Amino acid sequence: MALIAVALAVLPFALAAVGTTWVRITNLAILFILLSLGLNIVVGFAGLLDLGYIAFYAVGAYVYALLASPQFDIHWPFWAVVPLGALVACIFGVLLGAPTLKLRGDYLAIVTLGFGEIVRIFLNNLSQPVNITNGPQGISRIDPIRIGNLSLGSTDTLAGLTFSGPIKYYYLLIVVLLLVLIVNVRLQHSRIGRAWEAIREDETAARAMGIDTMRMKLLAFAMGASFGGIAGSIFSAMQGFISPESFVLVESIMVLSMVVLGGMGNIWGVAAGALLLSFVPELLRYTVGPMQQALFGRSIIEPEVIRMLLFGLALVVMMMYRPAGLFPSAVRRRELTRRTQAQ
Amino acid sequence: MVFFGAACVETFIQQLINGLTLGAVYAMVALGYTMVYGIIQLINFAHGEVVMIGAMVSFSVIGALVAAHTGLPAWAIVFAAAAAAIPVCMAVSYLTERIAYRPLRGAPRLAPLITAIGISIILQQIGLMIWSRNPLAFPQILDNRVFHVAGATVTSVQLAIWIVSILMMTGLAAMVYRTRLGIAMRATSQNPQVAGLMGIDIDRIIAATFIIGAALAAIAGVMVGTYYGIAHYTMGSLLGLKAFCAAVLGGIGNIPGAMLGGIVLGVVEALGAGYIGDLTNNWFGSNYQDVFAFIVLILVLVFRPSGLLGERVADRV
C-alpha cells in the first residue's frame, strides 16, 4: 500500500523527465478512468446501455467554462463550480432518464445516443442569437483551479522540486480518483448496488422482490451523470479551452470500449481497461508512425486510424471471446456466458 | 409573414419536395434496419456505414468512368456505379453478419449491439483508409434539368430518386409477400425456433436479410452521393441513425412502416428546418435540422413505442 502511494507520488516526476506531454497524457488517462467508472455505474452495475454518456461530461465542462472564464466575466471558485457541474449533469441525467428508462435496453441505447447528439448540436449552435457557448469556436482562457493562493495552472518550486501545472493537476486527479473509487466500491456492495445488480440480472424478478426499479435506474443514471459532470469540470479547468468537438459520439464510444474491455461491472477491471485504451494508442502514436516512416518511407496507416481501429476491435473481439471483459467479475461472467435463446 | 400568400404555398411545396426526396433515401436505409431488427432483434449499427461504402464505391466508379472519357451517357455511368456498389455492400454486410453477429446468436441482447458499434467504427476507419479523410466531391455529370411545379422546382435527380425508390420498394414488398424466400423471412421473424423446425435454414435466411438490406443501402448511398454531390467517411453514422429513427417511427420490424416512417421523417425534417426560424422568431435556425429526427424518436418511444404501423409491443422488458 505504502509502495503504491510512493510510486504514485513519484510517477509524475519520472514522466516529466521523459516529457511533460506524458504527464498530460497520464492526466487525460485518469480523466478517462473517472469517466469509465461513471459509465460503469450505468452500464456495468445497472445494465443500461448509455451511448450518449459524453454529453454529461460536456455539461460539466461547459458549466465550469461558463462560470469561470472571461466568456461572461464570471470567475467563481472551483469548489462552487465543480459541484454545480455535477448537479447540472445530474439534472440532465434525470431529465433524460425519466421519460426513457422504461424503454427496453437497445432502444435506450439509441435514445441516449440521440440525446448526446442533441446536446452537441446545441453547444455548437447556442452562439446565436444570444452568445452562450460561443459555438464551434469554443470557450478559451478558462480559469485554472485555485486552492487558496495556489493556482494549479502555473509552475511553482517547492523544496527544490519543480511543480508544473500538469503535475499539480495530476495530484488533484489522483485524489479525486481515490474518492471516486471508494464511492464506487462502497456503492457496489451497498443496498443500492445490489438492487442494480438484481435489475441487471432480471428486472421482473427484481420488481417482484420489491425493488422500485424505475427509481433505482434513475438513480444509476443520475449518479453516472454526476461523475461525468465532475470529470468534465476538471477537464475544462485543466485544458483551459473547450469546444463541442471534444464531445462527439466517438468519445462516448471510446469510454464504452474502456468499460467493455475491462469488464462491465468490475471496478478495477474498468479502471485497467481505461488505462490500457488511453496509453496503448499513445504508445502506438510514438512507435508505429516512425516505424512506418522507416519501413516504407511514409505513413501508411495514420496513428489516429490505428487508435480508432483499436477501439472498434476491442468492442468486437471482446464480445466474441471474452464478453465479461479482460478482468471479469465473477457474477458478470456467469451472466454473460449463459446461453439463452434469442426470444 | 411567410405563413400567408402565394409565396408561402410555394415555399411549402418546395420544402415538401425536398422532404420527400430525403424521405425516400431514409426509407431505403430504414428498410435495412427494420428487416434485420424484425428477424434477429438487433439494431445493426453498422448499416449506416454500409450506405457510406455504397456512396464511396459509386464515387470511385463514377470518377474512373468520367476520367476514362468513355462517352457513356450520364445515366449509364450512374447505373454502372450502382451496379458496382451493390455487390460490394452485399459482401461487406454478409461478412459482418458471418464474422461478428453469427457467433453471438443467443448471447444476451447487449452483446451484439456492442459488437455492431465496434463494426461501425471499424468500417468507418476502413472507409477513411481507402478514400481519405477529406470530403469527396462527385463529378457533376447528371445535367440537373429543372421542372417547375406550382411555383416550386423539381430536379431530374429528385425525380430519379423517387422513381428508383418506388421501384425498389415495390420489388421488396413483392419479394417479402410473394416469394418463398419472403415467406421464410417472415416465418423466421415471427418465431425462429418453429421456423427452423419447419425446415427453414435460419442462418441462410438471416444472411439473406442482411444482403437484401445492404443492396438497398448501396442504392441509397448512390442516391445520397449524387443528390448532395459529396461523400465522406463519416456520412453514414448520422444518416444511419436518422434512418433508424424512421424505422422506429414506422414501427420497427414492420416493412411498410419503414417506408412510411422514412417519408414522414424526411418531410418533418425539411419542413421543420424550413419553418423553425419563423416559428421561433429566429431563435433557432435550420442548423438545428439534425435535432428533429431525435426528437421524433424520443416522442415516438415515449408515447407510441409500437410506431405508426407496428403491432409489436416495443417494450418487452
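**Exercise 1. Determine what share of chain A is buried, and describe its overall form.**

Solution. Of the 343 residues in chain A, 50% are buried; a residue is buried if 20 or more other C-beta atoms, placed from the backbone, lie within 10 Å of its own. The model is predicted, so local features need pLDDT of at least 70 and side-chain atom pairs count only at pLDDT 80 or more, while totals for chains, interfaces and linings use all residues. Residues are numbered from 1 along each chain as its sequence is written, and chains are lettered from A, with ligands numbered from 1, in the order in which they are written.

Next, chain A has 13 helices and six strands, which are DSSP runs (helices H or I, at least four residues; strands E, at least two) numbered from the N terminus. The radius of gyration of chain A is 21 Å, close to the 20 Å of the globule rule for 343 residues, so chain A is as compact as a globular protein of that length. Here the radius is taken over C-alpha atoms, and the rule is 2.2 Å times the number of residues to the power 0.38. Along the principal axes, the C-alpha atoms of chain A fill a box of roughly 60 × 55 × 45 Å.

**Exercise 2. Locate A222(A) and state which residues it touches.**

Solution. A222(A) belongs to helix α9 (residues 213–239) of chain A. A222(A) is buried, because 21 other C-beta atoms lie within 10 Å. Not counting residues up to four places away in sequence, A222(A) touches C90(A), G93(A) and V94(A); contact requires C-beta atoms, placed from the backbone, within 7 Å. Finally, 11 Å separates the C-alpha atoms of A222(A) and Y53(A), which are 169 residues apart along the chain.

**Exercise 3. Describe the side of chain B that touches chain A.**

Solution. In this interface, 43 residues of chain B are in contact with 41 residues of chain A. On the side of chain B, α4 (110–131), α9 (235–250) and α11 (289–303) each supply at least two residues. The largest share, 13 residues, comes from α4(B). By type, this side of chain B holds 30 nonpolar, eight polar and five charged residues. Ala, Val, Leu, Ile, Met, Phe, Trp, Tyr, Cys and Pro count as nonpolar, Asp, Glu, Lys and Arg as charged, and the others, Gly among them, as polar.

Technical notes. A residue is buried if 20 or more other C-beta atoms lie within 10 Å of its own, exposed if 12 or fewer, and partly exposed in between; C-beta atoms are placed from the backbone. Two residues are in contact if their C-beta atoms, placed from the backbone, lie within 7 Å.
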